[in-house]
Amino acid sequence: MLRTFVGLHLRDLGGWIRVAALLDLLATAGVSNSSTRSAVSRLKGKGLLIPDKREAVAGYRLDSAAVSGLERGDRRIFTYRGQRDDEPWCLVSYSLPEVDRSKRVQLRRTLVGLGFGAVTDGLWIAPGHLRAEVEDALVGLDVRDRATIFITQTPLTAEPFAQAAAKWWQLDTLAARHTEFLRRYEHAAPLSENSAPLPENSAPKSSLEPREAFVLWLHCVDEWKAIPYVDPGLPPSALPSDWPGMRSVELFAQLRRTQAEPARAHVREISSAES
């Protein structure tokens with residue numbers, strides 16, 4: 001929850017926040033002061049937050065080195081990219097010996113976290129728009145020379161493609177995550193069966209007070225943020241007809257339009273108040 005708060009609000013505050021304001025805001029969202037302090041210690045150890053006293057006021061500053069990572073997260077979390085049926089696929093093939101088992105495990109986790117599906121143990125597939133991200137990941141893990149990237153238009157499978165995709169991406173598990181998100185938050189922004197996303201300038205206003213919008217939006221993003229990393233935005237041909245993902249994506253976008261700005265207003269108000 002603290003990492004979510006940092007990603008959502010700390011840059012908007014100029015990269016610094018009073019300790020008292022941080023504790024107050026997280027307590028509003030149901031996080032105890034002791035839990036927040038423990039979480040702060042972990043984020044300090046990971047180089048995300050830096051203690052920074054200003055005019056005798058204790059606070060925390062966002063490490064500038066962490067900004068690029070937060071911006072990458074923004075793009076993945078807030079910009080859903082669905083693949084069309086006529087767009088290419090990205091395949092990654094690699095071979096790492098048993099002596100590099102730990103690196104192999106790390107690579108698998110990274111590929112899952114990027115939204116790749118496992119065709120076989122050493123062959124993974126994802127929409128083509130993830131090519132740059134997997135290139136960066138392979139370089140970061142120092143295994144680029146032991147992996148090959150293929151860009152292909154149409155994978156040919158012995159079974160219907162949708163059946164193969166259901167296994168490669170464990171779509172039952174992913175559908176359950178989308179369904180749970182809908183169950184938790186659809187009451188806050190009801191969607192009709194055939195509703196379409198509204199333009200930004202016509203978005204309805206939140207019916208909640210800023211404090212309530214802050215709590216709702218923080219919890220919403222905290223629960224949503226992992227989904228875009230395991231759901232790469234598969235095309236219709238790879239999905240079942242009752243796929244809940246697009247309704248889930250639409251709901252998140254609707255909540256962002258209605259709750260994000262009043263949530264920011266509440267954070268600014270609490271952060272600017274005198275300690």
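A crossing of two helices is left-handed if the near helix is turned anticlockwise from the far one by less than a right angle, and right-handed if clockwise. Helices (H or I, at least four residues) and strands (E, at least two) are DSSP runs, numbered from the N terminus. With these terms, α2 passes α11 in a right-handed crossing, and the tour returns to that pair below.

The structure is a predicted model, in which local features need pLDDT of at least 70 and side-chain atom pairs count only at pLDDT 80 or more, while totals for chains, interfaces and linings use all residues. Residues are numbered from 1 along each chain as its sequence is written, and side-chain values use heavy atoms, with hydrogens and water left out.

**Whole chain**

Of the 275 residues, 43% are buried (under 20% relative accessible area, with exposed over 50% and partly exposed in between; 1.4 Å probe, protein chains only). Among contacts (heavy atoms within 4.5 Å) with a separation of 6 or more, 77% join residues 24 or more positions apart.

**The nonpolar cores**

Next, select Phe-5, Phe-181, Trp-217 and Leu-255. These residues have the most contacts inside the largest nonpolar core, which has 44 residues; such a core is a set of buried Ala, Val, Leu, Ile, Met, Phe, Trp, Tyr and Cys residues joined through side-chain atoms within 4.5 Å. Elements that each supply at least two residues include α1 (2-10), α8 (171-185), α9 (210-224) and β3 (59-62). Helix α11 gives the most, with eight residues. Another core, of 18 residues, lies apart from this one; among its members are Leu-114, Trp-124, Leu-141 and Ala-147.

**α1 against α9**

Two packed helices are described by the angle between their axes and the distance between the axes. Axes are lines fitted to C-alpha atoms, for helices over the stretch in contact, and angles run from 0 to 180 degrees between N-to-C directions. For α1 and α9, the angle is about 115 degrees and the axes are 9 Å apart. Select Thr-4, Phe-5, Leu-8 and His-9 of α1 with Phe-214, Trp-217, Leu-218, Val-221 and Asp-222 of α9 to display the contact. Beyond four places in sequence, Phe-5 touches residues including Ile-17, Leu-22, Phe-214 and Val-267.

**α2 against α11**

Here the angle is about 140 degrees, with axes 9 Å apart. The pair is therefore oblique (angles under 35 degrees count as roughly parallel, over 145 as roughly antiparallel, 65 to 115 as roughly perpendicular and the rest as oblique). Ala-21, Asp-24 and Leu-25 of α2 meet His-266, Val-267, Ile-270 and Ser-271 of α11.

**α8 against α11**

Finally, select α8 and α11, which pack at about 40 degrees with axes 9 Å apart; their crossing is left-handed. Residues His-178, Phe-181, Leu-182 and Tyr-185 in α8 meet a set in α11 that includes Arg-247, Ser-248, Leu-251 and Leu-255. Ser-248 is buried, with a relative accessible area of 0%. Leaving aside neighbours within four places in sequence, Ser-248 is in contact with His-178, Phe-181, Leu-182 and Trp-224.
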